[in-house]
Amino acid sequence: EFIGLLRRRALVIAGVATIVMAGVVSMTLKQKPEYEGNFRLLVEPVNDDAKILDVVKDSNINTSSLDYESQIQVLKSPELMGSIVKQLQYSYPEIDYGSVVNSLTITRLGETKIIEVRYRSQDPNKIKVVLDQIAKDYLNYSLEKRQTKLRQGIKFVEEQQPSIQKRVDQYQKDLQIFRQKYDFIDPETQAQQIANQVNNLSGQRLTVDQQL
C-alpha cells in the first residue's frame, strides 16, 4: 500500500524535491564565502613584574594573577573598542561597535598567558585591517598597564625613601655609640691589625734566628 501511495504521488514528491533542491542550490550559489583571521597576544610577561614589586610590600599595589575572564570583557568593552572603531571608520565608514564585536571572538589558550583574537568577515582585506588596528591598540593598552604598575612601585619607593634613610642614619649613629662605649673595633680592621702584628713578629723572629 505504501509503495502504491508513492507511485500515485510520485510526481508531487518529485516536484517538491526539485523545488527544494533548486532553492538550496540557488542559496548556496548566492552565498558569499566567509573568511577568518586571528592573532595571539601575550597579556602577561613570562617573568612577572610583580616579583620585582614584591620588595616594596605595598598593599595598595595589586600583584595578584590576572583574571582572564574580566580581561577579555575589558578588551571587548566600548571604552577600549571605541577608539579602535573610530580608526577603522576612516577605511570602512559603515563599521560600528556592534558589527565589530559580533564578528570578534576573544579566548584564552588553555592555561597559558596568551589570548587569541579572531575576526570573521566576507572581505579578507577588511579582516587584515581590523586585526592590525586591534593588535596595535591592544599592545598599547597592555604597555600602558605595565608602565602604570611600575610607576606605582617607583612612587611607593620614593615615598618610603626618606623614612628608610632616616632609619639607616639612626642605626649608624647607634652603632657608632655602641663602638665608642664598649671600645668595639670593626672585625675587618681588627683582622688587618692582627695580620700586621703577625708579620712584625715573623720579621723579628727571623732577625733573632739570624743573630743566633
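Q: In which order do the elements of the protein chain run from the N terminus on?
A: In this predicted model, the elements run α-α-β-α-α-α-α-β-β-α-α from the N terminus on, and the chain has eight helices and three strands.

Q: What makes β2 and β3 a pair?
A: Two strands pair if DSSP finds at least two bridges between them; β2 and β3 are joined in the antiparallel sense over five bridges, and therefore they meet the definition. Within this pairing, Thr 107 stands opposite Glu 116 in β3. The hairpin of β2 and β3 has five residues between the strands, and there Gly 110 takes a positive phi near 60°.

Q: How do you know that β1 and β3 pair as well?
A: The requirement is again at least two bridges, and β1 and β3 have eight bridges in the antiparallel sense, so they count as paired. Asn 38, for instance, stands opposite Arg 118 in β3.

Q: Why is one side of β1 and of β2 left without a neighbour in the sheet?
A: The three strands form an open, antiparallel sheet in the order β1-β3-β2. Because β1 and β2 stand at the edges and each has a single partner strand, one side of each is without a neighbour in the sheet. Neighbouring strands are turned by 20° against each other on average, direction ignored.

Q: Which helix packs on the sheet, and which strands does it touch?
A: The helix is α4, which touches β2 and β3, and its direction makes about 160° with that of β2.

Q: What makes a set of residues a nonpolar core, and how many residues has the largest one here?
A: The set must consist of buried residues of the listed types, Val and Tyr among them, joined through side-chain atoms within 4.5 Å; the largest such core has 25 residues, and Val 117 and Tyr 138 have the most contacts inside it. At least two residues each come from β1, α4, α5, β2, β3 and α7, with the largest share, six residues, supplied by α7.

Q: Which residues does Tyr 138 touch, leaving aside those up to four places away in sequence?
A: With contact meaning heavy atoms within 4.5 Å, the residues touched by Tyr 138 include Phe 39, Leu 75, Leu 80, Ile 106 and Val 117.

Conventions. Residues numbered from 1 in each chain as written. Predicted model: local features only at pLDDT ≥ 70, side-chain atom pairs only at ≥ 80, totals over all residues. Heavy atoms only, no water. Buried < 20%, exposed > 50% of the residue type's maximum accessible area, 1.4 Å probe, protein only. Helix = DSSP H or I, 4+ residues; strand = E, 2+ residues; numbered from the N terminus. Axes fitted to C-alpha atoms, helices over the stretch in contact; angles between N-to-C directions.
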